[in-house]
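My notes are below, in the order I looked things up.

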Amino acid sequence: MKDAGAKLMNLAHRVVLTLSGNRLLANPFGMPLVELHTVGRKSGQPRSCYLTSPVHDRDRVILVASKGGDDRHPDWYRNLQAHPDAELVIDGRRRKIHARTANADERAQLWPRIIEAYRGYANYQTRTTREIPVVICELKS
């Protein structure tokens, strides 16, 4: 049921963005919205979803595979594990990326910045026994 709710919320977000010309809900919780385009790990079909990026610069976009503190990894994260070369749309521009899970040192360095951008991530971490993965999306030229 949780998965159906998340898919419905993603669809509603897509509709609001489309109808508003990408003006409404473009910066939830003060973080930029990105549209991630992956390949389904089982189906091989194109998939997309909206996520927030708490940390980003001109070379990389950081994503947090929190799934709201669920004990399971989000599908988009599992898709990236299987197919790390993907695309995302940020600031209206579609970019090719190579995604990887941050190592322990990188996560330790990024986690305080992630929490500073949105305290909800700290709450999500308390809801699950899994360590929430931090994904580094390296932007390609």
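**Entry 1: the whole chain**

First, a reminder to myself that this is a predicted model. I counted secondary structure and got 4 helices and 7 strands in the protein chain. Reading along the sequence, I wrote the pattern down as α-β-β-β-β-α-β-β-α-α-β.

Next I checked burial: 42% of the 141 residues are buried. The chain exposes about 8,300 Å², and carbon and sulfur atoms supply 53% of that. I also looked at contacts with a separation of 6 or more, and residues 24 or more positions apart account for 63% of them.

**Entry 2: the order of the sheet**

In what order do the strands of the open sheet sit? I traced it as S2-S1-S5-S6-S7-S4-S3, with 7 strands and antiparallel pairing. The edge strands are S2 and S3, since each pairs on one side only.

**Entry 3: going through the strand pairs**

I started with S1 (residues 33-39), which runs antiparallel to S2 and is joined to it by 7 bridges. Val 39 has Pro 46 in S2 as its bridge partner. The S1 and S2 hairpin has 6 residues between the strands, and there I found Gly 44 with a positive phi near 75 degrees.

Then I moved to S5 (residues 85-90) and S6 (residues 93-101), an antiparallel pair with 6 bridges. Glu 87 stands opposite Lys 96 in S6. This hairpin has 2 residues between its strands, and Asp 91 in the turn has a positive phi of about 55 degrees.

S6 also pairs with S7 (residues 134-139), again antiparallel, through 5 bridges. S7 is joined to S4 by 5 bridges too, and those two run antiparallel. On that side I noted Leu 63 opposite Val 135 in S7.

**Entry 4: the helices**

I looked at what H2 lies across and listed S1, S2, S4, S5, S6 and S7. H2 runs at about 50 degrees to S1.

H3 (residues 104-117) and H4 (residues 120-127) came next: their axes come within 7 Å and cross at roughly 120 degrees. That makes H3 oblique to H4. For the residues that meet, I have Arg 107, Trp 111, Ile 114 and Ile 115 from H3, and Tyr 121, Ala 122 and Gln 125 from H4.

**Entry 5: Ser 53**

I wanted to know where Ser 53 sits, and found it in the loop between strand S2 (46-52) and strand S3 (55-56). Is Ser 53 buried or exposed? Ser 53 counts as buried because its relative accessibility is 1%, and the cut-off for buried is under 20%.

I then followed its side chain. A polar atom there lies 3.0 Å from the backbone oxygen of Val 55. The Ser 53 side chain also reaches the backbone oxygen of Ile 62, at 3.1 Å. Setting aside residues up to four places away in sequence, I listed Met 31, Pro 32, Val 34, Val 61, Ile 62 and Leu 63 as the residues Ser 53 touches.

**Entry 6: Ala 99**

Ala 99 is in strand S6, and its bridge partner in S7 is Cys 137. I have Ala 99 down as buried because its relative accessible area is 6%.

Which residues is Ala 99 in contact with, leaving aside its neighbours within four places in sequence? I found Leu 80, Pro 84, Val 135, Ile 136 and Cys 137. I also took the C-alpha separation from Ala 99 to Ile 136: 5.6 Å, for residues 37 apart along the chain.

**Entry 7: Lys 67**

Last stop was Lys 67, in the loop between strand S4 (60-64) and helix H2 (75-82). Why does Lys 67 count as partly exposed? Its relative accessibility is 25%, and partly exposed covers what falls between the under 20% of buried and the over 50% of exposed.

I also checked Lys 67 against Tyr 124. They are 57 residues apart in sequence, and their C-alpha atoms are 8.1 Å apart in space.

How values were computed:
Residues are numbered from 1 along each chain as its sequence is written. This is a predicted model: local features need pLDDT of at least 70, side-chain atom pairs count only at pLDDT 80 or more; totals for chains, interfaces and linings use all residues. Side-chain values use heavy atoms; hydrogens and water are left out. Buried means under 20% relative accessible area, exposed over 50%, partly exposed in between (1.4 Å probe, protein chains only). Contact means heavy atoms within 4.5 Å. Accessible areas come from the Shrake-Rupley method with a 1.4 Å probe; for residues, only the protein chains shown count as cover. A polar contact is a pair of N or O atoms within 3.5 Å; within protein, one must be able to donate a hydrogen and the other to accept it, and residues adjacent in sequence count only if both atoms are side-chain atoms. Two strands pair if DSSP finds at least two bridges between them. Axes are lines fitted to C-alpha atoms, for helices over the stretch in contact, and angles run from 0 to 180 degrees between N-to-C directions. Angles under 35 degrees count as roughly parallel, over 145 as roughly antiparallel, 65 to 115 as roughly perpendicular and the rest as oblique.
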